[in-house]
Amino acid sequence: MKTLASSMLILNGKLANDPILRDTIHQFRERGFDLHVRVTWEFGDAERFVNEAHSLKIENVIAGGGDGTLNEVVNGIFKLEEKSRPILGILPLGTANDFATAAGIPDALNNALMLAINGRPRQIDLVQVNRGRCFINMASGGFGTKVTNDTPETMKATFGGVSYLIHGILRLDKLSPDHCEIRSGDFIWEGDALIVGIGNGRQAGGGQLLCPGALINDGMLNLRIFTGESLVPTLLSTLARSEDEEHMIEASGSWFEIRAEHTMTFNLDGEPISGNQFSLVVKPGAVFCRLPPDCPLLK
Ligand SMILES: Nc1ncnc2c1ncn2[C@@H]1O[C@H](COP(=O)(O)OP(=O)(O)OP(=O)(O)O)[C@@H](O)[C@H]1O
């Protein structure tokens, strides 16, 4: 008889007491699933739990939270020796869940948990930044990043994903474009970037479709730059027409380098990183992830 694979759910502590989640986990255990749960309290916990799962030889590690929790779990997995990396599962419980949404992970808790435990594992790319942390979904810079990083928790709790947009519009006057140079192979661009999206996945910042053609198993990154010196008119036209070619630059490559004279902030799956030089390199097929059969992010 085939034994069920063991799984560890690494749950963001903000969500630990949700009664529906508690019920769902109990139901899975009653059905015979070997499901361990660990709850984080702060940054760093998720990675420690990944290490624990690895030493217990647990097959599936499930990120239960938003994009930030997913990023921490992915980084924990990436640091392990490639051959013994556990399989990633995703239980989207955050405010935005940008990666999970674009990947077609079901909203219903029990369906998402079943997929995370039993779905078909697919080999997907990660992206390493400055030879350090990885992201699975997207590096976004400029307007979108400032908004995502500054959006207050109370606003997220009240308005959900839309709060990023509301908060951004409320503080338009304080935002300015980033002057930078971006290159990859033959591609080189220098100018004022309003928003920079470099995607393994497709959307960031609570539903902003920055890299609509990106795939997570093609060994490539998709770049989209929204340009403009005058923030308000450009932003408004960009929001109104997503195919505004005059203000949009696109490229793809297996790596990108970005240089800026001033400090720029990039948001890697929800976690900010600041500096004036960034190198982004695809790590092809770095992790196995359980995804829906019709996942739009797979080629
Ligand atoms: N118990 C906790 N309470 C508050 N924050 C926590 C806790 N445990 C971990 N964290 C931190 O929460 C951040 C990740 O949050 P996560 O992305 O999962 O949720 P979110 O912000 O609601 O989601 P989203 O990014 O989709 O808006 C990480 O920086 C992590 O270190």
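This is a predicted model: local features need pLDDT of at least 70, side-chain atom pairs count only at pLDDT 80 or more; totals for chains, interfaces and linings use all residues.
Me: Which side-chain atoms lie at 2.7 Å and 2.4 Å from ligand atoms?
Reply: A polar side-chain atom of Thr 40 lies 2.7 Å from a ligand nitrogen. For Thr 69, an N or O atom of the side chain is 2.4 Å from a ligand oxygen. On its own the ligand has 640 Å² of accessible area, and the protein covers 78% of this.

Me: What makes up the shell around the ligand, by class?
Reply: The shell has ten polar, six charged and four nonpolar residues. Among the 20 residues around the ligand, Thr 40, Gly 66, Gly 68, Thr 69 and Ala 96 come nearest. Helix α3 (residues 67-78) gives the largest share of the shell, four residues.

Me: How do you know where the ligand lies relative to domain 1 and domain 2?
Reply: Both domain 1 (7-118) and domain 2 (135-285) contribute residues to the shell, so the ligand lies between them.

Me: Why is Glu 271 called partly exposed?
Reply: The relative accessible area of Glu 271 is 25%. Buried means under 20% and exposed means over 50%, so Glu 271 falls in between and is partly exposed.

Me: Which annotation covers Glu 271, and where is this residue placed?
Reply: In the unreviewed UniProt entry, the annotation "active site" covers Glu 271. Glu 271 is in strand β15 (residues 271-291).

Note on methods. Residues are numbered from 1 along each chain as its sequence is written. Side-chain values use heavy atoms; hydrogens and water are left out. A residue is near a molecule or strand if one of its heavy atoms lies within 4 Å of it. A polar contact is a pair of N or O atoms within 3.5 Å; within protein, one must be able to donate a hydrogen and the other to accept it, and residues adjacent in sequence count only if both atoms are side-chain atoms. Accessible areas come from the Shrake-Rupley method with a 1.4 Å probe; for residues, only the protein chains shown count as cover. Helices (H or I, at least four residues) and strands (E, at least two) are DSSP runs, numbered from the N terminus. Ala, Val, Leu, Ile, Met, Phe, Trp, Tyr, Cys and Pro count as nonpolar, Asp, Glu, Lys and Arg as charged, and the others, Gly among them, as polar. Domain bounds come from an automatic or database domain assignment. UniProt positions are given in the numbering used here, feature names are shortened, and annotations may be inferred rather than shown by experiment. Buried means under 20% relative accessible area, exposed over 50%, partly exposed in between (1.4 Å probe, protein chains only).
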